[in-house]
Amino acid sequence: MKNLIDYSEFIKIEIRVGTIISAEINNQLQKPSVILKIDFGEYIGIKKSSAQLTKNYNSEQLIHKQIAAVINFPEKQIGNLISEVLVLGFPDENGDPILISPDKKVANGGRLY
């Protein structure tokens, strides 16, 4: 195996579940993206992110969807938006993201372990 890490390194990454409460198409970037507002529960709150999801999702499909995101990376400027979290997904056959989502509803803010 390549790049083995200790478990203590893995637990530094906070992967949490949140529910998308708004999704707006942003066509002002070279690659169209979706600006997401994600509710991570009372303790973490609502965070923004930008993700290139337009190939596999429309805005209506994203609303109320629970997704996984890294919440403890530094904020990142993406076009005219400060992205506060990194939404996680796997590439489809064309390399476009498919979001990671629990198969049952869970409490917002829950941590992946």
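Two strands pair if DSSP finds at least two bridges between them. Strands (E, at least two residues) and helices (H or I, at least four) are DSSP runs, numbered from the N terminus. The structure is a predicted model, in which local features need pLDDT of at least 70 and side-chain atom pairs count only at pLDDT 80 or more, while totals for chains, interfaces and linings use all residues. Residues are numbered from 1 along each chain as its sequence is written, and side-chain values use heavy atoms, with hydrogens and water left out.

**Strand pairing around β2**

- Strand β1 (residues 15-26) pairs with β2 in the antiparallel sense, over seven bridges.
- Within this structure, Ser22 has Lys37 in β2 as its bridge partner.
- Strand β3 (residues 46-51) runs antiparallel to β2 and is joined to it by six bridges.
- Asp39 stands opposite Ile46 of β3.

**Burial of β2**

- Strand β2 (residues 33-39) is largely enclosed by the rest of the structure, because five of its seven residues are buried.
- Buried means under 20% relative accessible area, exposed over 50%, and partly exposed in between (1.4 Å probe, protein chains only).

**Gln61 in helix α3**

- Gln61 belongs to helix α3 (residues 59-62).
- Gln61 counts as partly exposed, because its relative accessibility is 47%.
- The side chain of Gln61 reaches the backbone nitrogen of Asn58 at 2.7 Å.
- Between Gln61 and Pro32 the C-alpha to C-alpha distance is 16 Å, with 29 residues separating them in sequence.

Notes. Polar contact = N/O pair within 3.5 Å; in protein donor to acceptor, adjacent residues only side chain to side chain.
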